[in-house]
Amino acid sequence: MFKINPYRPGAGVKPQYLAGRDEDIENVTNMFTALTLNIPTQSVIFSGLRGVGKTVLINRLQEIAEEKNIFCKHIEVAERNDFISQIATCSQAFLRQISVKEKFKNLIKKPLDAIKSLVVSFDPNDNTFSLSLEEKDLYKTNNLTQSLTDVFTSLGEAAAKAEIPICFFIGEIQYIKSENLGALIAAIHRTNQLGYPIMIIAAGLPKIYSMLSSEKSYSERLFIYKEIDSLEREQAIKAIEMPIKQFNVKYSDKAINKIIEVTEGYPFFIQQLCQIVFQNVDSKVISDIDVENNLEEFFGKLDTGFFKLRYERCSAAEKKFIFAMVKCGELPCTIANIAEIMKKSINSISTARAQLINKGIIYPVKYRELDFTVPQFSGFIHRLEEYKQWDTI
């Protein structure tokens, strides 16, 4: 029988009640207000582990920006997606929006030429523009940073004159190619210097900090960095209780304690566990025993979905690297400890390390220390037969 369920686990799916992000929402909302007053503001990058609600947060912020008549576009960076074509498409969408008004049509040519140059030079397979060979030669350039900067500054100039600010929302920014990231930083930097109303709200895994600083030394002044973590106790309680208030159902204190203990306050885990418990329990008061009885199904869902999807992307060598990390016991662990457990030299396992970082499975916490980007990933590995067999060798 179908049962209405207020909990919504999923990648970037907005929960019925968004807990623990009020301060971040208020701060960025004030930044949006500054942008609408033509006051340049820093861009924002949220970082955190998988399942903490980064995408949910930036989706909510996009809703707020749109309510303030800021032009918004969402870009989801993927390992195989081309960022240049996506930013070009979003930029064209802005020009289409302002071109419908006669008084703004004269603002189109300069940014459109800049976009053509970007696409022709750095996304040659894009068929957006039907250009002759002569025109293609005219628009070709060999400098990505300059081309992207020209796009952003010409867009910013048009946005200022049209009084329509621009905010690009970028998800999974850690997957952006190094040269694209460097060009993006430089473009935003120049746009800020000129006082144009363009900003970026991005979300990514913790490794984005080191990526940004290694590209441009001034990036730490260009962006506001905010780490998104698991919910504090009071925030977690609200995430658990608020969705079911309308159903006249409540949790016992022991049940709440058990949910927080198992999920460690991670928003996705709370949504997943509470969805299962609410679906399977008909009582008006959910007890800790009810929670306990549904843990097997909870971990089963995580193992076959949330965890397994990431684990299966790993090669045999990468899996052994992961097993050694788990075998270390306490995380983060040093690469020296991992090498010792694997009975190999540090240099011989550096390729597996780099590939796991690129795939977003692990991240460098600090010098030579590593941790998983996925909360409770160690527990999943411990439950694997493959790990158990490896551990007996």
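A disulfide is defined here as a pair of cysteine sulfur atoms within 2.5 Å, and by this rule the count comes to 0 disulfides. Cys72 is in no disulfide, the nearest cysteine sulfur being that of Cys167, 5.6 Å away. Cys72 is buried, at a relative accessible area of 9%, where buried means under 20% relative accessible area, exposed over 50%, and partly exposed in between, with a 1.4 Å probe and protein chains only. The sulfur of Cys328 has its closest cysteine sulfur in Cys333, at 3.7 Å, which is too far for a bond; Cys328 itself is partly exposed, with a relative accessible area of 23%. The structure is a predicted model, in which local features need pLDDT of at least 70 and side-chain atom pairs count only at pLDDT 80 or more, whereas totals for chains, interfaces and linings use all residues. Residues are numbered from 1 along each chain as its sequence is written, and side-chain values use heavy atoms, with hydrogens and water left out.

Helices (H or I, at least four residues) and strands (E, at least two) are DSSP runs numbered from the N terminus, and two strands are taken to pair if DSSP finds at least two bridges between them. On this basis 5 strands form an open sheet in the order E2-E3-E4-E1-E5, with parallel pairing. Strand E2 (71-76) and E5 are the edge strands, each of which pairs on one side only. Neighbouring strands of the sheet are turned by 15° against each other on average, direction ignored; axes are lines fitted to C-alpha atoms, for helices over the stretch in contact, and angles run from 0 to 180 degrees between N-to-C directions.

Strand E1 (residues 43-47) is largely enclosed by the rest of the structure, because 5 of its 5 residues are buried. In a regular strand the side chains alternate between the two faces of the sheet. In E1, Ser43, Ile45 and Ser47 point one way and Val44 and Phe46 the other way, and all are buried. E1 runs parallel to strand E5 (residues 223-227), to which 5 bridges join it, and Ser43 stands opposite Phe223 in E5. E1 also pairs in the parallel sense with strand E4 (residues 198-204), over 4 bridges; within E4, Ala203 stands opposite Phe46 and Gly204 stands opposite Ser47.

Helix H6 (residues 144-162) lies across E3 and E4, running at about 135° to E3, while helix H8 (residues 208-215) lies across E1 and E5, running at about 160° to E5.

Rings of Phe, Tyr and Trp (its six-membered ring) pair if their centres lie within 6.5 Å, with planes under 30 degrees apart counted as stacked, over 60 as edge-to-face and the rest as tilted; by this rule the count comes to 24 aromatic pairs. The rings of Phe32 and Phe169 have their centres 6.4 Å apart and their planes at 65°, so this pair is edge-to-face. Because Phe32 lies in helix H1 (residues 22-36) and Phe169 in strand E3 (residues 166-171), the pair ties together parts that are 137 residues apart in sequence. Phe32 is buried at 0% relative accessibility, and Phe169 is buried with a relative accessible area of 0%. The rings of Tyr311 and Phe323, with centres 6.5 Å apart and planes at 25°, are stacked.

Key
Contact = heavy atoms within 4.5 Å.
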